[in-house]
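Trainee: I would like to learn how to read the packing in a protein model. Where do we begin?

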Amino acid sequence: MLIPEPVQRLIDAFARLPGIGPKTASRLTFHLLRGTQDLSYELPQALAELKANTGECEQCFNITMADEPLCQICVHPQREDSVLCAVEEPLDVIALERTAGFKGRYHVLHGALSPIEGIGPDDLKIAELIERVKRGGIVEVIVATNPSMEGDATAMYLRQQLQPLGVRVTRLARGLPVGGDLEYADQSTLLRALSGRQEMD
Ligand SMILES: [Zn+2]
């Protein structure tokens, strides 16, 4: 046994994170092993509080502090109520907020449709989105799912469900790197995609 079990265990845990291969997982683990005590105490505490001290916004499903039922954007008095932007992940909200080009409200779907991975409409916050639109006051839903097969499938499905309710359904303009994530798009590309959004038909 070349690597002691507790060391291997952390390597394996790191390697399960997105974008971290076995090499990086080993580097991170050995860095913690060698480094000062501070980080190896701070890290587990931050991880424990990550889930315990955060929650989901009851309206848009963005991240909130655990004791706040609604997120900062939902409680903001000066955002437009008539335009909703549907995104896959909370990180996409942050990416769009950085562009400062959107003044409406959000709806976080928590993923995208993927028949291959067995993710259907019931696994996402789609019923909740339909309910929000049915309650009225919404004129346009901008579908800002990723430019991927799953993102496209989700957009098509949302259009089918939402258009009969009498709202405009638009999609971010092409120009975002295909297969890439919204969160990695640079601000100007994202802003252009947002302002050039098109009616879905
Ligand atoms: Zn919210």
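Mentor: With terms. Helices (H or I, at least four residues) and strands (E, at least two) are DSSP runs, numbered from the N terminus. Contact means heavy atoms within 4.5 Å. Axes are lines fitted to C-alpha atoms, for helices over the stretch in contact, and angles run from 0 to 180 degrees between N-to-C directions. This is a predicted model: local features need pLDDT of at least 70, side-chain atom pairs count only at pLDDT 80 or more, and totals for chains, interfaces and linings use all residues. Residues are numbered from 1 along each chain as its sequence is written, and side-chain values use heavy atoms, leaving out hydrogens and water.

Trainee: Which strands does helix H6 lie across?

Mentor: H6 (residues 126-134) lies across E3, E4 and E5 (140-143), and runs at about 150° to E4.

Trainee: What is the order of strands in the open sheet?

Mentor: Strands pair if DSSP finds at least two bridges between them. The order is E4-E3-E5-E6-E7, with mixed pairing. E4 and E7 (198-199) are at the edges with a single partner strand each, so one side of each has no neighbour in the sheet. E3 and E4 run parallel, joined by four bridges; Val87 has Val108 in E4 as its bridge partner. H5 packs on the sheet, touching E3 and E4, at about 155° to the direction of E4.

Trainee: Which residues is Leu190 in contact with, beyond its neighbours within four places in sequence?

Mentor: They are Ala95, Leu96, Thr99, Leu172, Leu176, Leu182 and Ala185.
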